[in-house]
Amino acid sequence: MTNTTTAPPAPQAAQAPQSPPVAAAGRTTGWIRIPHPRPDAAARLVCFPHAGGAANAFTALSAGLPEDIELLAVQYPGRQDRRAEPCAEDIRELAAGVAGALASRSDLPLFLLGHSMGALVAFETARLLEEHGAVARLFVSAARPPAQDWEEPDLSLVGDEELVAGLRRLGGIPEPLLRDPEIAAEVLRLLRADHRALLRHHCVEGTAVAAPVTVLLAAADPKNSLEQMAGWARHTTGGQDLVTLSGGHFSLVERPGESGPILTHHVRADLTRPEPAPAPASVPAAAPAPEEPLADLVRGILLDGLEGRTPKLSTDLTTLEAAAREVMSPDAYAYVAGTAGSGATGRAGREAFDRVRLVPRMLRGTRRTDTSVTLFGQRLPVPVLLAPLAAQQVAHPEGETATARAAAAAGVPLVLSTFASRTLEEVAGEAGDQPRWFQLYLPSDRAVGESLVRRAEASGYSAIVVTVDATHLGFRPAELDRGYSPFLRGTGIANFTSDPAFRAGLPAAADATATVLRWARISTDPTLTWADLAWLRRLTRLPLLVKGILHPDDARLALEHGADGVVVSTHGGRQLDGGVSALDALPGVRAAVGPDVPVLMDSGIRTGSDVVKALALGADAVLYGRPYVYGLALDGRRGVEHVLRCLLTDLGLALALTGCASLADVGPGLLLPRAHAGTYPLARTTSDAPGSSGTPENGDRR
């Protein structure tokens, strides 16, 4: 083989032909092995090995699972204790055998997990099982979707030496085994046989299972990318999510200490999810339940008012700053609310939104609005993510962990700052299944930077947002006048003090002062260039966004050096005094990168209508900043959740009241900017044409 991206899946070390078969106590049928029987299990996880693999690939994973999850490992014919049987000629032949073996095991919820080729077998097995019952969830690891061309070579045309070289590049088999002629010959025999079945498999685009699908993508897998694996969403009607693992193609089985807890979390979450209530006898079972009105929060508050109860915090999100100032320490308030210099950039951010006016359209039938958006192959429920605000413990003792719980409850993804006051692992634990991204200030110590990225990958963060507008700290009078920095007092450096690469650079007996001084020396890098972005791109396969872009040429340069998207931002007005507002810069950046590159923006957004304006001018989604930290200061987790519920209710109503049933309907035709009426005329909509539905032209960039 000449290309690692075409190297076939390699068996694990334990799968040499001389390996002893699984103990008799663990064998139940020809198809199923149970390495660690668990009589009190609440669920079964059925694992399908890769091409050339065998059931004992999952022994270590089984050992690490809790007592309430029993792992069933599939044993394909033709290997180990089934060596006398011919290898399967077809993927569906394997699926039929496994489905038959599982038919008597429907007393507990079944979760299917397929690795590499095993993902196809698991998918086809799920289809068969769903004819008679249900599969709780399908996990697919290191595998492209079933209808996609896997671009695998015909191994019958590949010589032994070239094939072994490909296995070495891919990893997964210890070198001593590959050097043993008998073991190597057996590995190649199984590999070629399984690949014949793989090459014969054909799946029609759109073939789907009802079970939700969780895609497991290893960050350094040379065979699969995020873009390739995102297509699994087309093969399920139950929804798809994606989890990133560290390591390479065999991360699932080589790192059971990482993959086991992830699988356990998903299984337990599905087990505890309440069953939908049965339909009343007078209503046909197939009738859809009525959706909650857009103004459900409004209705609830007004009904509470009849009993004399009013919200603890104001629903006017523009007033929260003043309220938070009353409860925050002067130092904390100066840090959170302060801006650069005279504050001109911060003021410009709000003034830009005030200049832009919405022109609503009527009678569009918008009882319901769809606020979901797809970014990097992942469907997000709302076009809003929590911006990466540092050192949140200055606002509330629980800091980012309270924010993460509130975001998960409200269904809003979060972006965690490098300079958080809680570690990225702690925050991931609080966020649960909610999508989360990691914002990176690239340190001058590249080993620390790489370590932070690897930790983010291992903790399920699904994108990296590298901030480029803070290589030098802005001139911030509010902080300077008080001589205050939370970081120099130990708040906001948890991701560094917990990092092994950072600690490796400390003296053996380093005290708190030495630790902070090392952080101050390496936490940011004023020498950064576009070449450093290219280095970061090579480091990870996660989607990479560049935050702090205002000039169209910088947006183009970001893409040229490996970025997958950009965030138009002035850092909330905290860096450069007298700069252009992010909203004013947004249309130029969108024009520079074209319609298909994800563009987000932040700085100045306060209300749901602000979000609509940003989307209409070219953003796919926004980052929402200071108001949620003011909510955190005022009432902890409940305060953040209140802010988000208000924002999302306001957003849904703003969409409905402008005549938009979904984000696809939002476009420049909604806007009449007051200061630039000559530059931004009302866009002609298709409602001017006979038979039109009235959707604004060029509204759908998604």
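Analyst: The count for this structure comes to 36 salt bridges. The model is a predicted one. The general idea is that side chains of opposite charge can pair when their charged atoms come close.

User: Which residue forms a salt bridge with R454, and how far apart are the closest N and O atoms?

Analyst: The partner of R454 is E457, and the closest N and O atoms are 3.0 Å apart. Both residues belong to helix α16, which covers residues 446-458. They are three residues apart, about one turn of the helix.

User: Is R454 buried or exposed, or does it fall in between? And how does E457 count?

Analyst: R454 counts as partly exposed because its relative accessibility is 28%, a value that falls between the cut-offs of 20% and 50%. E457 has 1% relative accessibility and therefore counts as buried, the term for values under 20%.

User: Where else do two residues about one helical turn apart form a salt bridge?

Analyst: R638 forms a salt bridge with D635, and here the closest N and O atoms are 3.5 Å apart. The two residues are separated by about one helical turn because they lie three residues apart in helix α25. R638 is exposed, with a relative accessible area of 53%, whereas D635 counts as buried at 14% relative accessibility.

User: What salt bridge does E85 form?

Analyst: E85 pairs with R82, the closest N and O atoms being 2.7 Å apart. E85 is partly exposed, its relative accessible area being 33%. R82, in contrast, is buried, with a relative accessible area of 5%.

User: Which residues are linked in a network of salt bridges?

Analyst: R44, E70 and D107 are linked in such a network.

User: Let us turn to a polar residue. Where is Q80 found, and what contact does its side chain make?

Analyst: Q80 is found in the loop that lies between β3 (69-74) and α2 (91-102). Its side chain makes a polar contact with the side chain of Q75, at 3.1 Å. Q80 counts as buried because its relative accessibility is 16%, and the cut-off for burial is under 20%.

User: What is the volume of the second largest pocket, and which residues lie nearest its centre?

Analyst: The second largest pocket holds about 760 Å³ of space. Its lining is made up of 40 residues, and Y335, Y441, R476, H571 and R574 lie nearest the centre. The elements that give two or more residues to this lining are α12 (330-337), α20 (512-522), β17 (621-624) and α25 (626-657).

User: How is the lining of the second largest pocket divided by class?

Analyst: The lining of the second largest pocket has 19 nonpolar, 14 polar and seven charged residues. For the largest cavity, by contrast, the lining has no charged residues.

Terms used: Residues numbered from 1 in each chain as written. Predicted model: local features only at pLDDT ≥ 70, side-chain atom pairs only at ≥ 80, totals over all residues. Heavy atoms only, no water. Nonpolar A, V, L, I, M, F, W, Y, C, P; charged D, E, K, R; others polar. 1 Å grid on protein atoms, 1.4 Å probe; cavity = no way out; pocket = protein on both sides within 12 Å on 5 of 7 lines; lining within 4 Å. Points joined across faces, edges and corners; volume = space filled by probe spheres on them. Helix = DSSP H or I, 4+ residues; strand = E, 2+ residues; numbered from the N terminus. Buried < 20%, exposed > 50% of the residue type's maximum accessible area, 1.4 Å probe, protein only. Polar contact = N/O pair within 3.5 Å; in protein donor to acceptor, adjacent residues only side chain to side chain. Salt bridge = Lys/Arg side-chain N within 4 Å of Asp/Glu carboxyl O.
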